[in-house]
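Work through the exercises below with the model open beside you, and try each task before reading its solution.

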Amino acid sequence: MPELPEVEHVVRALRRVVVGRTIVASEIRLRKLIGEMSPTTFDRKIRNAAITGVSRRGKFILIECQKPDRQGGQRSRAKGRVETHLVLAVHLRMTGKFLYLAADDELPKHSHAVFYLDNDRRLVFRDQRQFGIMRLLPASKLHQTKGIVELAPEPFGDEFTIDYLRDVLKRSERTLKTLLLDQTKVLGLGNIYAAEALFRAGISPFTIAAKLSKPKTARLHGEIRDVLGFAVDHIRGSIKLEQGFSYGAAFESFWQVYDREGEPCVNCGTKIRRTTQGGRSTYWCPKCQRK
Ligand SMILES: [Zn+2]
């Protein structure tokens with residue numbers, strides 16, 4: 001499953017190729033991908049929309065679109081009028097991928113959505129496991145949308161402060177590892193980066209969140225940002241929309257504890273251990289991450 005750093009790279013890769021393009025037509029080949037909306041309505045709404053930007057909220061990729069406005073280019077947001085500013089919100093979930101294909105490239109298996117662009121290329125969403133989500137929304141509704149409204153502040157944003165983290169931890173009797181995976185409390189850490197951040201901060205994954213000291217909270221806050229920033233930096237250039245890519249493969253060599261059960265700790269040589277917490281694997285060094 002792609003984690004936040006990979007999604008950030010997909011956003012950047014998309015931004016490079018689709019911003020400024022117009023969607024001339026769309027084809028939804030897997031109806032459940034777009035929720036309640038019919039493929040016909042979807043196409044009518046998105047057809048002739050110009051792609052003005054690509055951004056991200058949590059692991060939702062947000063493709064911002066602007067429909068041409070019949071009233072002389074003014075955005076009509078007033079009640080009762082058609083909203084021209086749309087967002088295509090996409091969650092890759094397990095296996096979702098975007099491809100950017102030429103007109104004569106063969107459409108691969110599991111291509112569930114095809115966007116025909118005004119440069120004769122196609123933006124394709126393929127998803128082998130079919131867990132991906134795609135929703136076309138008026139931009140004004142985006143932040144009230146289920147799955148987005150509940151998300152904690154962005155890890156690199158101004159709202160994610162040490163005080164914020166301290167507040168969240170203080171109110172939880174869960175273990176740190178479990179809490180860090182809850183995207184409504186702390187955004188951005190999946191199983192890999194939660195393990196890495198705790199290891200780097202020298203904190204046991206089994207610590208009860210409310211019991212983490214103030215200095216350790218500050219340290220954890222710094223490591224959350226560092227580990228995510230580090231991951232973003234190390235996958236630079238590795239995502240090519242023409243070929244797809246394999247999530248995580250580009251920087252496995254930088255993981256210090258994740259997936260290293262039985263290997264010596266990079267700090268102290270103690271064997272890395274693994275257990276299961278909340279159905280997910282937890283990796284830790286029993287010496288560097290004492291309770
Ligand atoms: Zn160690």
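Predicted model: local features only at pLDDT ≥ 70, side-chain atom pairs only at ≥ 80, totals over all residues.

**Exercise 1: a bridge and its sheet**

Residues are numbered from 1 along each chain as its sequence is written.

*Solution.* Step two: strand 4, residues 85–91, pairs with strand 8 in the antiparallel sense over six bridges; strands are DSSP runs (E, at least two residues; helices are H or I, at least four), numbered from the N terminus, and two of them pair if DSSP finds at least two bridges between them. Step three: the open sheet has eight strands in the order 5-7-6-1-2-3-4-8, with antiparallel pairing. Step four: strand 5 (96–101) and strand 8 (133–138) each have a single partner strand and stand at the edges, so one side of each is left without a neighbour in the sheet.

**Exercise 2: a helical residue**

Is Phe230 buried or partly exposed?

*Solution.* Step one: Phe230 is found in helix 6, which covers residues 214–234. Step two: 17 other C-beta atoms lie within 10 Å, so Phe230 is partly exposed (20 or more would be buried and 12 or fewer exposed, with C-beta atoms placed from the backbone). Step three: Asp118 is 112 residues from Phe230 along the chain, and their C-alpha atoms are separated by 36 Å.
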